[in-house]
Amino acid sequence: MFVSRKFLIATFVMLLCFGAFVYRTKSFDTLISNVQGEEDIVVEISADPASTTSGSGLHHPEDTDITELDTGDQDQLQVSDVAPTEKLPAEKSATEPLNLNAGTVWNPTVDPSASTPQPPTTVAPRGHLEPGRTDKRIGDSWDHVKDTKEIMNFVHSQCEKYHQITVEPGEAKKPRMLIIPKNWREHMVLYSSNPKTGSTSFKKWITRIQGDTRPYEEISGVHVMRKYGKLDEAWDLAMSKTNDPQSVTLADMVKPFYKVGFLRNPLTRLISGFRDKVLRRTKEGMKGDMINIDPSLTAESSDAAKFAAFAEGVVKGTIKNFHFVPQAGKMKICDFPYDIIAQTETTSQQIREVQEHTNTTQFDFPGSRSEVGYDSVATVHLAHEFYDKVKPEIMDQIYQYYKWDFVLMGYTKLSNPNFPYLDFEQDFEKEFGPFDSERPKIKNVNEIIRKAGERGR
C-alpha cells in the first residue's frame, strides 16, 4: 500500500508531540507528588539587583512576585527560647537529646514537618561563642508576657495611626493561609499560619484536636492542607443563616471562630529561617548568592559569618523565599479580625488562653525543638552573636525591610533592653522612621471576592 511522504511526516510529528506531552505530564505529576509529599522545594531566585532594589539598595517585597510553595515550616514554637523561671507542667519527651560530635556523618533525609534531628551545625552552631556573656543577656519570658487585650489595642491603634487599614469597616482580607480542625464545630479555632513562628507545632496540635493520639514526634505531614477541616463548610454554614447568601463576607464567615495568629521578632525569625532552610538543608551551609556577597566564605566558616551574607542577600532581594518575607502584610494584621495575636516568644504563657477559648484544654501542646533535645542553643540566644557580624548599613536595611513588623506589633531592636520581646513605649518614629503619611487605597474586599468567585479561599 502506497503511503505518501506527507502522511509519514505528519505521523512522525504527532508521535513527537505525544511523547513531549507524556514527558511534561510525568514531570508535572512528580512536582505535585513532591509538594504533597512535602519535599523541601525552596524557591530561590538570583535576580539582577538593579531590578529588585530601590535606590537605597533595599529590596521591597512588592517589587517582584514571590512564588509560595508551602512545603514545610520546620520551625517548632520556641517555647523555651528563654526558659521561664516559673515552670509550667510539662510531659517528659520520649526523645532523648542527640549526641552528635564533630565526627558525626550527617546524611539528611528530612521530613520538613517532623521533629527530625538537626545536623551538627544546627545542634551546636559552628563557631558559637562559649556561654558566659552577661552584657547582652536575654530577659526572662515571664517578665514580658503581655495581656491579649493590651496587645490587640496596641496593634489596632498602630494600624490606625500609620494608616495601614485597607478595608472598609466590617470587611476583612484573608491572610495567606487559614486552617480549622475537621471537628471545628466542637472546637472553634481558626489558625492563621505564619512560617517560622512555630506553625509546625500549632498544626500538630490541631491534628491532636482532630483525634490523632500518637506522640508528637511521630506526627508528620502536617503541612498538607487536606488533613484539616474544609473552610467551604464554614462558608456554607454562614450562608445558611441569611436570606441573602451572596452578601456573606469573609468577616461573616470567620466571626464564630476564635481567630489565632502568631508573630515573632523579625530578627530571631530570620535566624530561624537561616538555620532551617540553609544550614540544615545544604551540604556546606550556604545557598544562593552568599558566596557572591562574601567570597571568603567556606564550608568551615562560622555560622555567624554565613548568616551575615545570607541576611544581606535577603534584604537586597537576591535570596527569596516566603519564609523570610515580612509578616505583617501576609498576616493582614490590620485587615483581619483576630481575637489574639500572640508573640511566639511567650507561647508557653499564651497558649493556655487559646485552649480556654476553644474548648481544647484537654489537648497538650507540643514542646519546642530545644525542649526535646534537637537544638542545644535556642535561636534567640544566637541573636547578638549573629548580628554582630552584619554590616551596619545592612543592619539599617534589615530594620527598614521589616519595619512594619516592628512598628505594628511593637517588636524591639537588638539595642532595646527588652529584646526580643514587645515594647509599646519605644519611640517608633525615632527607631524606624520616617513614615509615609499617604493613606493606602481602601478596596471593597467583598466585591472583589464576589467577582473573583473565590469565596475567600
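**Exercise 1.** In this predicted model, Lys-196, Asp-276, Lys-277, Arg-280 and Arg-281 are linked in a network of salt bridges. Take the pair Lys-196 and Asp-276: which parts of the chain does this pair tie together?

*Solution.* 
- Start with the contact: the closest N and O atoms of Lys-196 and Asp-276 are 3.0 Å apart. A salt bridge needs that nitrogen within 4 Å of the carboxyl oxygen, and this pair makes one.
- Now find the two ends. Lys-196 sits in the loop between β2 (189–192) and α5 (199–209), while Asp-276 belongs to helix α8 (residues 266–279), so the bridge ties together parts that are 80 residues apart in sequence.

**Exercise 2.** Are Lys-196 and Asp-276 buried or exposed?

*Solution.* 
- The cut-off you need: buried means under 20% relative accessible area.
- Lys-196 has 0% relative accessibility, so it counts as buried.
- Asp-276 comes out at 5%, so it's buried too.
- Asp-276 also forms a salt bridge with Arg-281, with closest N and O atoms 3.1 Å apart, and Arg-281 is buried as well.

**Exercise 3.** Where do Glu-356 and Arg-352 lie?

*Solution.* 
- Both are in helix α12 (residues 347–357), four residues apart, which is about one turn of the helix.
- Glu-356 is exposed at 52%, and Arg-352 is partly exposed at 44%.

**Exercise 4.** How many disulfides does a search of the whole structure find?

*Solution.* 
- The search turns up one.
- Its partners are Cys-159 and Cys-334, with sulfur atoms 2.0 Å apart.
- Cys-159 lies in helix α4 (residues 148–161) and Cys-334 in the loop between α11 (327–331) and β4 (340–343), so the link joins parts 175 residues apart in sequence.
- Both cysteines, Cys-159 and Cys-334, are buried.

Key
Residues are numbered from 1 along each chain as its sequence is written. This is a predicted model: local features need pLDDT of at least 70, side-chain atom pairs count only at pLDDT 80 or more; totals for chains, interfaces and linings use all residues. Side-chain values use heavy atoms; hydrogens and water are left out. A disulfide is a pair of cysteine sulfur atoms within 2.5 Å. Helices (H or I, at least four residues) and strands (E, at least two) are DSSP runs, numbered from the N terminus. Buried means under 20% relative accessible area, exposed over 50%, partly exposed in between (1.4 Å probe, protein chains only). A salt bridge is a side-chain nitrogen of Lys or Arg within 4 Å of a carboxyl oxygen of Asp or Glu.
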